[in-house]
Amino acid sequence: MEITNVSEYEAIAKQKLPKMVYDYYASGAEDQWTLQENRNAFSRILFRPRILIDVSKIDMSATVLGFKISMPIMIAPTAMQKMAHPEGEYATARAASAAGTIMTLSSWATSSVEEVASTGPGIRFFQLYVYKDRNVVAQLVRRAERAGFKAIALTVDTPRLGRREADIKNRFTLPPFLTLKNFEGLDLGKMDEADDSGLASYVAGQIDRTLSWKDVQWLQTITNLPILVKGVITAEDTRIAIQAGAAGIIVSNHGARQLDYVPATISALEEVVKAAQGRVPVFLDGGVRRGTDVFKALALGASGIFIGRPVVFSLAAEGEAGVRKVLQMLREEFELTMALSGCRSLKEITRDHIVTEWDRPRVAPRL
């Protein structure tokens, strides 16, 4: 059966993957209200397309932190991709590079920064978890720099791991033939079996709960790479992040895997964009499955979006070819949405191209 949209990969992944692995990728925290809301909130934003505009040429190219990419659709960090497919992060890196876009590598990848760099050229960001042992952090950041990574995406919403009940039921742990490759030499690459989720126990033991804004400043003393703060959903934290020297913000609720009953990221986006006042770019992840979703995020002020689960599901289904296809389908859908909305470049996508629940009813201008 031919795959015609991104969401169809999830069912194929569910068939192919062991239950423990599929559940790890698919599930959210607790009641999974935010997991559903991340998708549902997009469906409540409607278009106000403009017609009779020459859309014979459409330019989707974007600039992210000074890097030119083919489209504003990038790859979010997702952990342990070799659970999905033997080539794991290698395949994802090659697919991103072929599509002319950015891949973010997870700290908890099953391939190291050096291995991913060895796949060839490409613009890559490194997602960072801050470990209790700051030497580990400093070493990891230096390795990412040396391997040619261009930015650090600092995850700030995980002082503790969210309660993911499927992982507890399944006693989730990293399969024995895999390691968290970036930590292999530091004796932090293995995850022990636990009475609940092995990952939750690992996080409790290794990740620093004292992480605060001063650490964002500390990070800037050990690297010249730009720092994206990933996991901001309020105006207050947006302002503090910018004061603390963030080069950009990723509006994220960690794929609805941390605190349940936070708003969908698309619902929080405009608050963050307004607080940023154009001082730094704002990006979004969470719930993007269609080109229409990408357009809606850009109309609300995002400079680009990141996709997570579609990558691991397509990787599980078809390896590198699957990830390439997801990026291609989103690209084509986004291009079509731009054309049908009357936009020929990203700068032509405006707030007036959409209407949201929180907009005031429009009064037709008097003639």
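The dialogue below goes through strands, aromatic pairs and pockets in turn.

Q: What kind of model is this?
A: This is a predicted model.

Q: Is strand 6 enclosed or open to the outside, and why?
A: A residue counts as buried when its relative accessible area is under 20%. In strand 6, residues 124-128, five of the five residues are buried, so the strand is largely enclosed by the rest of the structure.

Q: Which way do the residues of strand 6 point?
A: Arg124, Phe126 and Leu128 point one way, while Phe125 and Gln127 point the other way. The residues on both sides are buried.

Q: Which strand is joined to strand 6 by three bridges, and how do the two run?
A: Pairing is read from the bridges between two strands. Here strand 5, residues 103-105, is joined to strand 6 by three bridges, and the two run parallel. To find the place on screen, look for leucine 105, which stands opposite phenylalanine 126 of strand 6.

Q: How many bridges pair strand 6 with strand 7, and in what sense?
A: There are four bridges, and the sense is parallel. In this pairing leucine 128 stands opposite leucine 154 of strand 7.

Q: Are tyrosine 24 and tyrosine 25 buried or exposed?
A: Tyrosine 24 is buried, with a relative accessible area of 5%. Tyrosine 25 is buried as well, at 4%.

Q: What is the geometry of the pair formed by phenylalanine 126 and phenylalanine 149?
A: Planes over 60 degrees apart count as edge-to-face. Phenylalanine 126 and phenylalanine 149 have 85° between their planes and 6.2 Å from centre to centre, and the pair is edge-to-face. It links distant parts of the chain, 23 residues apart: phenylalanine 126 lies in strand 6, and phenylalanine 149 in the loop between helix 6 and strand 7. Both of these phenylalanines are buried.

Q: Which residues do ring pairs link into a cluster?
A: The cluster consists of Trp108, Tyr129, Tyr131, Phe183 and Tyr202.

Q: How much space lies in the largest pocket, and which residues are closest to its centre?
A: The largest pocket holds about 640 Å³ of space. It is lined by 35 residues, and those closest to the centre are Thr78, His254, Gly255, Arg257 and Arg309. Two or more lining residues come from each of helix 2 (19-26), helix 3 (33-43), strand 11 (304-307) and helix 13 (309-341). Helix 3 gives the largest share, four residues. By type, the lining has 14 nonpolar, 13 polar and eight charged residues.

Q: What lines the second largest pocket?
A: That pocket has about 430 Å³ of space. Its lining has 23 residues, with Val156, Asp157, Thr158, Pro159 and Gly231 closest to the centre. Strand 7 (151-155) and helix 9 (213-222) each supply at least two of the lining residues. The lining divides into 11 nonpolar, nine polar and three charged residues.

Methods: Residues are numbered from 1 along each chain as its sequence is written. This is a predicted model: local features need pLDDT of at least 70, side-chain atom pairs count only at pLDDT 80 or more; totals for chains, interfaces and linings use all residues. Side-chain values use heavy atoms; hydrogens and water are left out. On a 1 Å grid over the protein atoms alone, a cavity is a set of points where a 1.4 Å probe fits but cannot get out, and a pocket is an open set with protein on both sides within 12 Å along at least five of seven lines; lining residues have an atom within 4 Å of a point. Grid points are joined across faces, edges and corners, and a volume is the space filled by probe spheres set on the points. Ala, Val, Leu, Ile, Met, Phe, Trp, Tyr, Cys and Pro count as nonpolar, Asp, Glu, Lys and Arg as charged, and the others, Gly among them, as polar. Buried means under 20% relative accessible area, exposed over 50%, partly exposed in between (1.4 Å probe, protein chains only). Rings of Phe, Tyr and Trp (its six-membered ring) pair if their centres lie within 6.5 Å; planes under 30 degrees apart count as stacked, over 60 as edge-to-face and the rest as tilted.
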